[in-house]
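User: I have a protein structure to study. Please take me through it one question at a time.

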Amino acid sequence: ELMTGYTMLRNGGVGNGGQPWVLRWSSRIRLTWLSFTLFIILVFFPLIAHYYLTTIDDADDAGKRIFGPRTGNELCEVKHVQDLCRIRESVSEELLQLEAKRQELNSEIAKLNLKIEACKKSIENAKQDLLQLKNVISQTEHSYKELMAQNQPKLSLPIRLLPDKDDATFPLPKSNRNCRLHNCFDYSRCPLTSGFPVYVYNSDDYPFGSSLDPLIKQAFEATVRTNVYVTENANIACVYIILVGEMQEPVMPKPTELEQQLHSLPYWRTDGHNHLIINLSRKSETQNFIYNISTGRAMIAQSTFYDAQYRPGFDIVVSPLVHAMSEPNFLEIPPQVPVKRKYLFSFQGEKIESLRSSLQEVRSFEEEIEGNAPADYDDRIITTLKAVQDSKLDFVLVEFTCKNQPKASLPTEWALCGERDDRLELLKLSTFALIITPGDTHLVISAGCTMRLFEALEVGAIPVVLGEQVQLPYNDVIRWNEAALIIPKPRITEVHFLLRSISDNDLLAMRRQGRFLWETYFSTSDNVFSTVLAIIRTRIQIPAAPIREEPAVEIPHRSGKGAGTDPNMADNGDLDLGPVETEPPYASPKYLRNFTLTAMDIYRNWNSAPGPFHLFPYTPFDPVLPSEAKFLGSGTGFRPIGGGAGGSGKEFQAALGGNVPREQFTVVMLTYEREEVLMNSLERLNGLPYLNKVVVVWNSPKLPSEDLLWPDIGVPIMVVRTEKNSLNNRFLPWDEIDTEAILSIDDDAHLRHDEIMFGFR
C-alpha cells in the first residue's frame, strides 16, 4: 500500500480523487504527532527537569548551587525584599518581648493575689486584736475612774472665810513714812476667799462731811451704791474707805479737827490700818491738807503728793474727777486720725511764783557743772521752747503767760490758763501736749499735772511729761511709756528732735493706748473708784468678783432629725478630729485658777488695749476669773507649752499639753430672722467633737415659727431671747454657758469641723 500510495503520489494521484485522501491522511498524521509531542513536553520534560534539579544540587560545594533553595539572607539581597525582611524581624522581636512581659505580669499577679490573701487574714486578726484592746481600755478607764474617785475626790468651792471682829495685834513700824503692806496692812482681815468686802463710811455722819464738794460727794455715793465689793456689814470688811475731799474753802475744817474726826471713826482701831482715805480733786487747785494730818497706817489716795508724804506701793495717785455727775460726751471726742495735727506741740501756763524773765542769760552747762545745779530748769525750758517756736521749723504754740487770770496753783507749779473748753480746743489741734512738772522736786505729783494729763488723753494729744521724778496716776500698774513720753528736764534741748523722729505708726499706737487708758481709768467716777479698789485688791492678791451672769430666757422649740449635715462639712479627709461626746455635757471647773490668777497673770494683761484675743474682756484693770473670761482658747492656752495636765491636750498633741483633764467648748451663735440659714448652720455642727452645747442668741423681736423643726445635733440647743437687738448680745455672760472656751460665730458662718478643732486646740 505504501508503494501504491507512493506511486500514486509520484504519478500525481489517481485522477481527480487521489489528492484529498492524501491530504486527509497527512493531516491526521500531523495531529497525532503534535499531540504526542505535547504530551512528551508536558509530562516527561518537567519530570526530567525536576530530577535533574534535585540531583544536581547534591554537590558538596554549596556555592555552586544554581537551582536549589537559597537562604533568607541571600534572598534579601534583593532591594525591595530587604525592607519586608526587616519589618518581619522587628515584628517578631516585639512579639517575643510582649510575650515575655505577659508571662512576667502573670507571675506578679499571682504573687499579689497571695499577698492580698495574707493581708485579709492579717486584717481579720488585727480586728480581733483591736476589739480586745478596746475592751481592755474600757476596763482600764473604768478602773482608773474608780481609783480617782477613791483617792482624789472632786473638790468643792472653798468656804468663804471672814475676818474676826477683834483684830490681832502686830508690831508698829518705826515711822508712818515707812508704811508698806507687809507692816501696815492686816492681811488677816482679807482671806483669799473673803470676796474683798469693802465698807464705806457715810461722810454725812461726821462733821467734815458738810465741807465736801457736793458734786464729788454725790458722784461718790452713786458709785458706791452700784459697786459689787461694797458691804454694809463693817465687821466682815477687808478695807474701810472714807471720803474727805475735795473740800470747799470757806467751810474747810482745821487740820487738827479733821485729824481728830478721823481718829474717832468707829473702826479706826487706834492706827487706821486697812483704811483708805480718798481725796478726789475736781479742780486743778485742790488742796493737800492731808499733808499736815497724822493718818497712821491708813492708805491715802489723792492727786497731790510730796515725796515725804508719798509711800510707794501703799498710797495711790488718782486721776481728777472732772466728769463728776455726768458721763463724758464721747461724740465730741476728736478722731484718732489724722496722726499729725496743726501744732507739733503746745503748752500754755504761767508760773505764779519764782518766774524769772525769759530774756535772762541762762548759765552754760560748764557753769552748772562747776557750781551747784539750779533748783529747776524752767528758765532753760522757756528759752529752748521759744527758740523752737521762733525757728518756724515746725508749727508749735507755747505761751508762758496767761491772757486771763491763771488758775490757783502750788508754789513752783505751772498754773493752767483759760477755761477748760478753750484748753481742749487747743489740744485738739496739737499732736503733743507738753506737761512741765513743778520746779520743786519734792512735789512728786500735783493736781495741776494730773489735770493736764487728763485733758491731753481725753482729746488724743500725746502727753510729753518733762520731769522723770513724777509719779503719774496708778503708775505702779500702768505702763505709761506706752501712752506718754516721760523726758528728764535736762534733755529739753533734744525734745524737738525726739518728737520729730517718732513715726506715724508709733504716734497712732500711743494715741490709741492713751484713749484706752482715759476711757478705762479716768473718764467717770465709776472708773476711778473701781480702779482704786482694783489696785488694792490686786496688791493683796485677792481674785476679782465674778461678772454677774446674764439670765437666759429660753424660747421653747421642737427638735428632730433633719436632712443631715452638709456632706462637704463632714469631709475632713484623714484628719482625726477627736471623739464625739456621748456622755452628758461637761462643765468647766470654775475655781481651778481663781486664786492664782492675780499672782501669775495680772500685770501681763492689765495695760494692753483690748484686742481680738484680750484675756479679760470686761475691765482689764479688774481681771475676771477664768471661769468668767469666756473667750476661745482660755481653757487650753493659759499655761506655757508642755506645762499642762494632759487630758484633752494629750489627744491634740503631746507637746501642747493641756490645763485640765477634760475640756469642752460652747458655740454662741447670733441670728436675726434667718431661719433657713440658721438651721443649715446648726446642722453643720452635728458630730462636732468636744461640743458642750449651742446657745442661739435670738436678736429678733419676732419669735421663731412654732412649726419650725430644729435639728437634733446630739447636744443641747439653747435659744435665748434678748431684750433688744444688739450685736453686743453675743458677748453677754449668759448663765447657760458652762465652759471656759467659747466659739462666737454668726448664723451665716461656714466653718468646717477641722477648722473649728484647729481653733479649739
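User: Is Tyr474 buried or exposed?

Analyst: This is a predicted model, so local features need pLDDT of at least 70 and side-chain atom pairs count only at pLDDT 80 or more, while totals for chains, interfaces and linings use all residues. Residues are numbered from 1 along each chain as its sequence is written, and side-chain values use heavy atoms, with hydrogens and water left out. Buried means under 20% relative accessible area, exposed over 50%, and partly exposed in between (1.4 Å probe, protein chains only). Tyr474 has a relative accessible area of 1%, so it is buried.

User: What is the phi of Tyr474?

Analyst: Tyr474 sits in the loop between E13 and E14. Helices (H or I, at least four residues) and strands (E, at least two) are DSSP runs, numbered from the N terminus. Tyr474 is not a glycine, yet its phi is positive, at about 55 degrees.

User: How many aromatic pairs does a search of the whole structure find?

Analyst: Rings of Phe, Tyr and Trp (its six-membered ring) pair if their centres lie within 6.5 Å. Planes under 30 degrees apart count as stacked, over 60 as edge-to-face and the rest as tilted. For the whole structure, the number of aromatic pairs is 25.

User: Which kind of pair do the rings of Tyr474 and Phe522 make?

Analyst: The ring centres of Tyr474 and Phe522 are 5.8 Å apart. Their planes stand at 70 degrees, so the pair is edge-to-face.

User: How many residues apart in sequence are the parts that this pair ties together?

Analyst: Tyr474 lies in the loop between strand E13 (462-466) and strand E14 (485-487). Phe522 is in helix H13 (residues 504-522), and it is buried, with a relative accessible area of 1%. The pair therefore ties together parts whose separation in sequence, in residues, is 48.

User: Which kind of pair do the rings of Phe665 and Phe760 make?

Analyst: Their ring centres are 4.9 Å apart, and their planes are at 40 degrees, so the pair is tilted. It links distant parts of the chain, with Phe665 in strand E17 (residues 665-671) and Phe760 in helix H20 (residues 753-760), 95 residues apart. Phe665 is buried at 1% relative accessible area, and Phe760 is buried at 2%. The kind of pair is tilted.

User: Which strands stand at the edges of the open sheet of five strands?

Analyst: The order is E1-E2-E3-E4-E6, with parallel pairing. Two strands pair if DSSP finds at least two bridges between them. Two strands have a single partner strand each, so one side of each is left without a neighbour in the sheet: strand E1 (198-200) and strand E6 (316-317).

User: Which residue in E2 is the bridge partner of Tyr199?

Analyst: E1 and strand E2 (residues 239-245) pair in the parallel sense over three bridges. Tyr199 belongs to an aromatic cluster with Tyr201, Tyr206, Phe208, Tyr240 and Tyr267. Its bridge partner in E2 is Tyr240.

User: Where does Phe196 lie, and what is its relative accessible area?

Analyst: Phe196 lies in the loop between helix H5 (181-184) and E1. Its phi is near 55 degrees, a positive value in a residue other than glycine. Phe196 counts as buried because its relative accessible area is 0%.

User: How far apart are the end C-alpha atoms of residues 31-53?

Analyst: UniProt, in an unreviewed entry, places the feature "transmembrane region" at residues 31-53. UniProt positions are given in the numbering used here, feature names are shortened, and annotations may be inferred rather than shown by experiment. Over residues 31-53 the chain is 100% helix and 0% strand, and the distance between its end C-alpha atoms is 32 Å.

User: Is Leu47 buried or exposed?

Analyst: Leu47 lies in helix H2 (residues 18-56). Its relative accessibility is 54%, so Leu47 counts as exposed.

User: Where is Glu246, which has a cis peptide bond from Gly245?

Analyst: The peptide bond from Gly245 to Glu246 is cis, with omega near 15 degrees. Glu246 is in the loop between E2 and helix H7 (255-263).
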